Amino acid sequence: MGILYDDVVVVSQAEKPGDPTIITVNCPDKTGLGSDLCRIILLFRLSITRGDISTDGKWCYIVFWVAGKPTTRWSLLKKRLLEVCPPYFSTSGIQFYELQNQQEKSPDVFLLKFWCFCDRDGLLHDVTEVLCELELTIKRVKVSTTPDGRVMDLFFVTDTRELLHTRKRQEEVIQFLKNVLGDTLMSCEIELAGPEVTACPQGSSFLPPAITEDMFHLELPEQHSNGMFANNPLSVTMDNTLSRSHTLVQIFCKDHKGLIYDIMRTLKDYNIQVCYGRFFANPKGNCELDLFIMQVDGKKIVDPNKQNALCARLRMELSRPLRVAVVSRGPDVELLVANPVELSGKGRPLVFHDITLALKILRTRIFSVEIGRHMIHDREWEAYRILLDEADGSAVPRKKIEEGVREKLMGWE
């Protein structure tokens, strides 16, 4: 007997304020499913407080307890979660899903170009907020301020709804921008981006070697590598004695925004399957996880080198999921933020949203922005280079900017 399509993802909203919303996923399994689900939950700005995962390698049952918001669009969240669940045929019993090694068609990239009469505090964040609400994914940004104070914004975006080629959808986007920008908006145009954009996603800007070496190294400092340290207790251990067929990974660390996603995307990149797992965040702000995992060949991890490599990568990803620095760019000040890209090509969601929100709170204006992807140490990174505007003389200290942006990105504010 098959399971109804509506039962693949069930969202049980909280009955009382403060209670979590429960998301249940019951579908065929695939390697990386947990990462895909957690990425969508993060995209909808939800925090996972507890989770339970169980699978036999063919069918899985996942439960997430999440902290929602009054503005959360639960029906849309369910739709997006359903889209990443493997298909099956309910009329002919349970059909096991086999992962297809097919390259998904890349979505069309559109150029959203508009001029504003003048800059103001938080302008870029307000635009980013609108684009997120419209389910437009920002791939690249070019923002420039002219000497007379006018602002030109170039957003290269993809549309989750795949409707941006239609006049109705374009008019919707333009109207939303008019509503938030008001009389400052001079003009707005949307057009399909040329092949030079879609074919060359790599960042065109040169990253100084000193910056890349300091920010993008893939090893933890010596005092961090052994596990527990002062401000961020972090422990990752493996055990092969508790199960005949699975390796147990135990993680204890400080909670942060997207923590479960960071763990799941790392395991996905290593082609590791989570067969059973439980995790929860305690009131002290720490998270505990027990994950029973196995390799893609169905065996547990017994090679000490593989164990050490996976533990080291998990420690690094949990201690530094994003890299933040405020550096000098000639006479100017630049904010540099970078995050690793999944092997599937997906970047971390809402990074630019959180950066612009932090700068808005700090009342720090943005002069120009460049977003690009760079191959550094054989790994792809998404880099955000933001030139800060200090023309008014009310510059915020660099350390405060760096701390404010990092805390917003990590959800520690």
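## Helix H1 against helix H7

In the contact between helices H1 and H7, Gly34, Ser35, Asp36, Cys38, Arg39 and Leu42 of H1 meet Ile260, Tyr261, Met264, Arg265 and Lys268 of H7, where contact means heavy atoms within 4.5 Å. The residues of this contact divide into 5 nonpolar, 2 polar and 4 charged. Here Ala, Val, Leu, Ile, Met, Phe, Trp, Tyr, Cys and Pro count as nonpolar, Asp, Glu, Lys and Arg as charged, and the others, Gly among them, as polar. Helices (H or I, at least four residues) and strands (E, at least two) are DSSP runs, numbered from the N terminus.

The axes of H1 and H7 lie 8 Å apart, and the two helices pack at an angle of about 150°. That makes H1 roughly antiparallel to H7. Angles under 35 degrees count as roughly parallel, over 145 as roughly antiparallel, 65 to 115 as roughly perpendicular and the rest as oblique. Axes are lines fitted to C-alpha atoms, for helices over the stretch in contact, and angles run from 0 to 180 degrees between N-to-C directions. The crossing of H1 and H7 is left-handed; a crossing has this hand if the near helix is turned anticlockwise from the far one by less than a right angle, and is right-handed if clockwise.

## Basis of the model

This is a predicted model, in which local features need pLDDT of at least 70 and side-chain atom pairs count only at pLDDT 80 or more, while totals for chains, interfaces and linings use all residues. Residues are numbered from 1 along each chain as its sequence is written, and side-chain values use heavy atoms, with hydrogens and water left out.

## The chain as a whole

The chain has 10 helices and 16 strands. Of its 413 residues, 51% are buried; buried means under 20% relative accessible area, exposed over 50%, and partly exposed in between (1.4 Å probe, protein chains only). Among contacts with a separation of 6 or more, 70% join residues 24 or more positions apart.

The buried residues run through Leu33, Gly34, Ser35, Asp36, Leu37, Cys38, Arg39, Ile40, Ile41 and Leu42. Their cover includes strand S2 (21–28), strand S3 (47–55), strand S4 (59–67), helix H2 (74–84) and helix H7 (259–269). Just after H1, Arg45 has a positive phi of about 65°.

## Nonpolar cores

The largest nonpolar core contains 50 residues, and those with the most contacts inside it are Ile23, Leu37, Phe64, Ile251, Ile260 and Ile263. Such a core is a set of buried Ala, Val, Leu, Ile, Met, Phe, Trp, Tyr and Cys residues joined through side-chain atoms within 4.5 Å. A second, separate core of 48 residues includes Leu123, Leu164, Leu322 and Val396.

Leaving aside residues up to four places away in sequence, Ile251 touches Ser235, Val236, Ile263, Cys287, Glu288, Leu289, Leu314 and Leu318.

## Helix H9 against helix H10

The axes of H9 (residues 351–361) and H10 (residues 398–410) come within 9 Å and cross at roughly 135°. That makes H9 oblique to H10. The crossing of this pair is right-handed. Val351, Asp354, Ile355, Leu357, Ala358, Leu359 and Ile361 of H9 meet Ile401, Gly404, Val405, Lys408 and Leu409 of H10. By class, the residues of this contact divide into 9 nonpolar, 1 polar and 2 charged.

H9 is mostly covered, with 8 of its 11 residues buried: Val351, Phe352, His353, Asp354, Ile355, Thr356, Ala358 and Leu359. Arg363, which follows H9, has a positive phi near 55°.

## Loop residues

Most residues other than glycine have a negative phi. Glu135 is not a glycine, yet its phi is positive, about 65°. Glu135 sits in the loop between helix H3 (123–133) and strand S6 (136–145) and counts as buried at 9% relative accessibility. Asn271, also not a glycine, has a positive phi of about 60°. Asn271 lies in the loop between H7 and strand S11 (273–281) and is partly exposed, with a relative accessible area of 36%.

His246 is in the loop between strand S9 (234–239) and strand S10 (247–254). Not counting residues up to four places away in sequence, His246 touches Asp239, Asn240, Cys275, Phe292, Ile293, Met294 and Lys300. The C-alpha atoms of His246 and Leu291 are separated by 9.3 Å, although these residues are 45 apart along the chain.
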